[in-house]
Amino acid sequence: MKIMFVTSTLTSGGSERVISLIANDLVTKGYDVEIICLQEPIVFYSLHKKVKRRFAENEAGKFIVAKMKWLRRRIIEEKPDVVIAFMILVYLTTLFSLVGSSFKKAVSMTVSQPPIKVPECVLIPVYSSDESS
């Protein structure tokens with residue numbers, strides 16, 4: 001199974017740490033994993049050598065429209081089984097990149113957001129700081 005993660009960066013942050021942990025675990029279980037960063041080509045957390053990394057800025061430049069076109073081509077060419085976008089802005093960028101394509105398997109992992117139904121896609125919250133114990 002091919003899994004593609006899309007994030008803004010892999011610098012030192014919480015979602016970046018989660019992506020690195022999940023990606024490392026998935027490749028050790030035999031999954032084909034690729035991480036696409038839309039911004040900085042910096043990797044803070046260690047990644048398994050089998051985790052593929054692509055940086056949109058290196059591939060398409062700094063302009064968001066060029067990155068979106070590149071991301072669309074990458075997803076269509078690679079044909080992942082699912083694209084998992086981290087955080088709402090990256091998810092929306094990913095969705096807009098895929099408008100008009102036949103790709104329908106994009107989900108988002110985000111913090112403190114209620115589930116929002118989007119045509120053919122679902123936002124999935126993985127943690128909410130508003131929950132009381």
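## Contacts and numbering

Two residues are in contact when they have heavy atoms within 4.5 Å. Among contacts in this chain between residues at least 6 apart in sequence, 52% join residues at least 24 apart.

This is a predicted model, where local features need pLDDT of at least 70, side-chain atom pairs count only at pLDDT 80 or more, and totals for chains, interfaces and linings use all residues. Residues are numbered from 1 along each chain as its sequence is written, and side-chain values use heavy atoms, leaving out hydrogens and water.

## Layout

The chain has four helices and seven strands, which are DSSP runs (helices: H or I, at least four residues; strands: E, at least two) numbered from the N terminus. Starting at that end, the order is β-α-β-β-α-α-β-α-β-β-β.

Of the 133 residues, 41% are buried, meaning under 20% relative accessible area with a 1.4 Å probe, protein chains only. A nonpolar core is a set of buried Ala, Val, Leu, Ile, Met, Phe, Trp, Tyr and Cys residues joined through side-chain atoms within 4.5 Å.

The largest such core has 16 residues, and Phe 5, Val 33, Ile 35 and Val 51 have the most contacts inside it. At least two residues each come from β1 (2–7), α1 (14–28), β2 (32–37) and β4 (82–86); α1 gives the largest share, four residues. A second, separate core of 15 residues includes Ile 36, Ala 56, Val 83 and Phe 103.

## A look at Met 68

Met 68 sits in helix α3 (residues 64–78). Leaving aside residues up to four places away in sequence, Met 68 touches Thr 93, Phe 96 and Ser 97.

Definitions and conventions:
Buried means under 20% relative accessible area, exposed over 50%, partly exposed in between (1.4 Å probe, protein chains only).
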